[in-house]
Amino acid sequence: MTSSGSNEGALVWNVAGLLGEEPGADRLLDVADVRIGLGDDLTLAAPIAGRVRLVHTNRGILAGADLRTALQLACSRCLRDIVLPVDVRLQEEYLPALDLATGRPLPTDDEPEVARLTDHHELDLETPVREAIQLSEPIAPLCRPDCPGLCIVCGERLDEGVHDHPDDDIDPRLEALRGFHADDA
Ligand SMILES: [Zn+2]
Ligand SMILES: [Zn+2]
């Protein structure tokens with residue numbers, strides 16, 4: 001496992017050996033310093049770390065993940081940078097795509113929705129982990145629950161500096177907005 005940068009395949013494990021063991025056999029895997037691309041302008045603020053347990057079941061491999069990372073976000077009111085801790089807990093059973101002994105493809109028609117191991121007996125946890133992280137992105141992230149946001153007059157953060165603006169300082173383009181705001185309150 002590489003120590004930095006994007007490490008492709010770090011959440012993919014070959015489970016052929018585990019499939020050859022008795023049901024109930026398991027593997028405990030440490031996950032450390034893993035970075036994956038998230039797309040959608042979403043950025044990790046910390047590498048993914050934690051534990052994954054793979055258990056050989058009667059049907060395939062049960063993967064349980066207990067991972068932590070963090071998202072780099074901006075406050076939806078004041079635009080401050082936020083680091084949002086994210087816990088990723090997954091439990092998913094993967095069924096083989098091929099018969100381990102014969103190498104023949106197994107029928108998948110009866111359970112099209114179920115997760116599958118690859119043709120190389122690999123369990124790919126990267127996609128479900130990516131989806132779980134993407135789903136944890138809040139619609140309107142806040143730097144703190146009572147963030148007052150930006151001053152409607154000067155555009156500075158309301159919790160920084162002084163905002164008792166004299167009337168003649170007001171940008172006429174913002175005057176209407178300010179009046180609307182006062183009426184609204
Ligand atoms: Zn804020
Ligand atoms: Zn202001």
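**View 1. Four cysteines hold the zinc ion (ligand 1).** Cys 75, Cys 78, Cys 143 and Cys 147 each coordinate this zinc ion through SG, at 2.2 to 2.3 Å. Donors here are N, O and S atoms within 2.8 Å of the metal (3.2 Å for Na, K and Ca), and water is not among the atoms, so sites may look incomplete. This is a predicted model: local features need pLDDT of at least 70 and side-chain atom pairs count only at pLDDT 80 or more, while totals for chains, interfaces and linings use all residues. Residues are numbered from 1 along each chain as its sequence is written, chains are lettered from A and ligands numbered from 1 in the order in which they are written, and side-chain values use heavy atoms, with hydrogens and water left out.

**View 2. The shape and spacing of the site of ligand 1.** The angles among the four donor atoms run from 105 to 115°, which makes the site tetrahedral (for four donors, all angles between 85 and 135 degrees). Along the chain, the donors follow the spacing C-x2-C-x64-C-x3-C. Cys 78 sits in the loop between S4 and S5, and Cys 143 in the loop between helix H2 (126-135) and helix H3 (172-184), so this pair ties together parts that are 65 residues apart in sequence. Helices (H or I, at least four residues) and strands (E, at least two) are DSSP runs, numbered from the N terminus. Is Cys 78 buried or exposed? With 2% relative accessibility, Cys 78 counts as buried, whereas Cys 143, at 28%, is partly exposed. (Buried means under 20% relative accessible area, exposed over 50%, partly exposed in between, with a 1.4 Å probe and protein chains only.)

**View 3. Strands S4 and S5 make a hairpin.** S4 (residues 61-74) and S5 (residues 81-95) pair in the antiparallel sense over 14 bridges; two strands pair if DSSP finds at least two bridges between them. Look for Asp 66, whose bridge partner in S5 is Arg 89. Six residues lie between the strands, and Leu 79 takes a positive phi near 70° in this hairpin. S5 also runs parallel to strand S6 (residues 115-116), joined by two bridges, and Tyr 94 has Ala 115 as its bridge partner in S6.

View 4. Cys 151 counts as buried at 7% relative accessibility, while Cys 154 is partly exposed at 33%.

Technical notes:
Four donors count as tetrahedral if all angles lie between 85 and 135 degrees; four count as square planar and six as octahedral if opposite donors are over 155 degrees apart and all others between 65 and 115; anything else is irregular.
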